[in-house]
Amino acid sequence: MTDLMTRLQAANPVSEGDRPPIGDVWRKVAAPENGREARRARRPWTAGMAPRAGRAGRAVVALAVVSVPVILVGAIALTMFGADHRPFAPVAPASGGAPAHSTLDPRAQHVAVAQLAGRIGTVVALDPRTGAIRAFVSSGLGVDRTGAPQGSLFQFTPGATFEIVTAAAALDSGRYTPRSQLPGPAALRVSGVTVDNASGTAYGRVPLSEGLRYSVDTVFARVGADLGPATMTKYMRRFGFYASPRIDDGRAALPPSGVVLSGRAVTPLQPGVPLGALAVGRAGLIATPLQMAMVASAVAGGGTLMTPHLDRRTPSVQSRVMTPATARALTAMLRGVLTSGTGTPADLRGGRIAGKTATVPLSTRRDGVTDVWFVGFAPADHPTVAVAVALEFKHGGFGGTSAAPIAARVIASLLASGGHAGIGG
């Protein structure tokens with residue numbers, strides 16, 4: 001993580017007076033004068049030691065690019081977000097052209113920064129055909145909620161967006177079809193844990209496709225428990241869980257996603273992982289938005305996950321996750337989420353987005369914080385963009401109404417950059 005940030009910052013020609021170096025971020029941002037805070041300020045910030053949030057406001061981090069006539073400028077800026085400070089926003093290139101040495105799209109970066117508007121969250125967009133990272137913006141340093149180092153690229157509880165993984169395993173294993181009928185009670189005790197549907201809603205018997213469309217957690221809890229730990233582990237690994245993404249010249253730059261119990265990573269094969277809760281994205285599961293963008297990318301890519309990268313390397317296959325037939329069936333199910341399910345606020349006019357929302361109340365927090373998500377891709381029939389948006393809300397918020405519109409605007413900007421005209425926002 002530190003290598004990635006240092007490389008991006010090293011390419012930034014902004015003077016030292018305009019932005020602090022990586023090693024001095026906390027000292028220059030907080031600027032304490034004396035005492036304990038001054039002693040803490042002298043410690044260099046690294047990915048494994050994030051500063052505390054709340055003492056002097058909230059830091060805002062943006063990974064952004066600025067295109068100039070000849071070179072790409074990779075910019076990282078950290079500033080305080082408070083009464084007298086504004087979040088960093090990159091400058092769009094006058095030409096609107098693609099950067100020469102990075103896969104990032106300046107217009108999409110602008111849109112992501114503007115849509116986050118200083119809120120704690122991350123936006124990631126990939127090209128599922130090549131693995132190229134087209135947008136990557138992270139806002140706010142936040143507080144570590146998992147017991148593992150986070151740096152500035154957060155790990156969130158993915159909630160119902162992880163049902164894409166469970167559905168892929170269910171369909172690809174041949175155990176289920178989109179039409180498989182399953183009970184969707186308001187609550188289900190499975191794997192020793194009770195899983196509840198949002199608002200305590202009972203659905204009766206519904207097809208698996210409807211369970212995904214309306215985020216019926218009790219349906220997917222039953223499916224996950226039925227598939228078993230070996231199948232769930234196999235498909236999680238195929239999607240990239242439990243491996244550090246190597247997005248920067250092939251080097252590990254971000255923490256792996258997976259289940260963390262008692263401060264250590266465990267797979268579903270190990271004791272103590274409740275499969276029913278895991279199948280709906282809980283049970284100690286944490287995921288980076290990049291990982292969930294990879295989940296969307298694998299479906300969008302016809303079952304093939306391309307290695308995500310920032311450096312315009314030759315595209316390479318990371319894994320074969322599912323068959324093309326499974327990917328097509330799952331795409332149709334995810335398209336239903338947008339047309340008549342929980343993701344309708346993200347559906348672009350003519351954009352044909354497919355995706356999944358999630359709203360995850362954090363039971364470990366007493367301040368009402370929820371993680372809200374949208375994960376998806378577009379156009380559904382010939383995908384060129386896969387995206388994940390994750391936000392932290394302290395006063396309520398829903399994936400469909402808070403994260404999904406941000407995703408729609410980022411997708412629209414990338415479709416427009418790719419020459420897809422007539423896409424409405």
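## The model and its numbering

Because this is a predicted model, local features need pLDDT of at least 70 and side-chain atom pairs count only at pLDDT 80 or more, while totals for chains, interfaces and linings use all residues. Residues are numbered from 1 along each chain as its sequence is written, and side-chain values use heavy atoms, with hydrogens and water left out.

## The chain as a whole

Let's start with the big picture. The protein chain has eleven helices and 16 strands; these are DSSP runs numbered from the N terminus, with helices being H or I of at least four residues and strands E of at least two. Of its 425 residues, 57% are buried, where buried means under 20% relative accessible area, exposed over 50% and partly exposed in between, using a 1.4 Å probe and protein chains only.

A contact here means heavy atoms within 4.5 Å. Among contacts between residues at least 6 apart in sequence, 65% join residues at least 24 apart.

## Helix α5 and its partner α7

Helix α5 covers residues 163–172, and helix α7 covers residues 217–239. Their axes come within 8 Å and cross at roughly 85°. That makes α5 roughly perpendicular to α7. For these values, axes are lines fitted to C-alpha atoms, for helices over the stretch in contact, and angles run from 0 to 180 degrees between N-to-C directions. Angles under 35 degrees count as roughly parallel, over 145 as roughly antiparallel, 65 to 115 as roughly perpendicular and the rest as oblique.

Residues of α5 in this contact include E163, V165 and D172, and those of α7 include F220, L227 and Y235. By class, the contact has twelve nonpolar, three polar and four charged residues. (Ala, Val, Leu, Ile, Met, Phe, Trp, Tyr, Cys and Pro count as nonpolar, Asp, Glu, Lys and Arg as charged, and the others, Gly among them, as polar.) How many residues of α5 are buried? Ten of its ten residues are, among them I164 and L171. After α5 comes G174, with a positive phi near 85°.

## Helix α11 and its partner α4

Helix α4 (residues 106–116) packs against helix α11 (residues 399–417) at about 165°, and their axes are 9 Å apart. So α4 is roughly antiparallel to α11. On the α4 side, R107, A108, V111, A112 and Q115 take part, and they meet α11 residues including I406, V410 and L414. This contact has seven nonpolar, three polar and two charged residues.

S402 lies in helix α11. S402 counts as buried because its relative accessibility is 13%. Leaving aside neighbours within four places in sequence, S402 is in contact with V372, L391, F393 and G397.

V372, one of those partners, sits in strand β15 (residues 370–378). Is V372 buried or exposed? With a relative accessible area of 0%, V372 is buried. F156 is 216 residues away from V372 along the chain, yet their C-alpha atoms are separated by 9.0 Å.

Now to the loop between β2 (72–81) and α4, where T103 is found. T103 is buried too, at 2% relative accessibility. A polar atom of the T103 side chain lies 3.3 Å from the backbone oxygen of H309. Beyond neighbours within four places in sequence, the contacts of T103 include A132, R134, H309 and D311.

Definitions and conventions: Ala, Val, Leu, Ile, Met, Phe, Trp, Tyr, Cys and Pro count as nonpolar, Asp, Glu, Lys and Arg as charged, and the others, Gly among them, as polar. A polar contact is a pair of N or O atoms within 3.5 Å; within protein, one must be able to donate a hydrogen and the other to accept it, and residues adjacent in sequence count only if both atoms are side-chain atoms.
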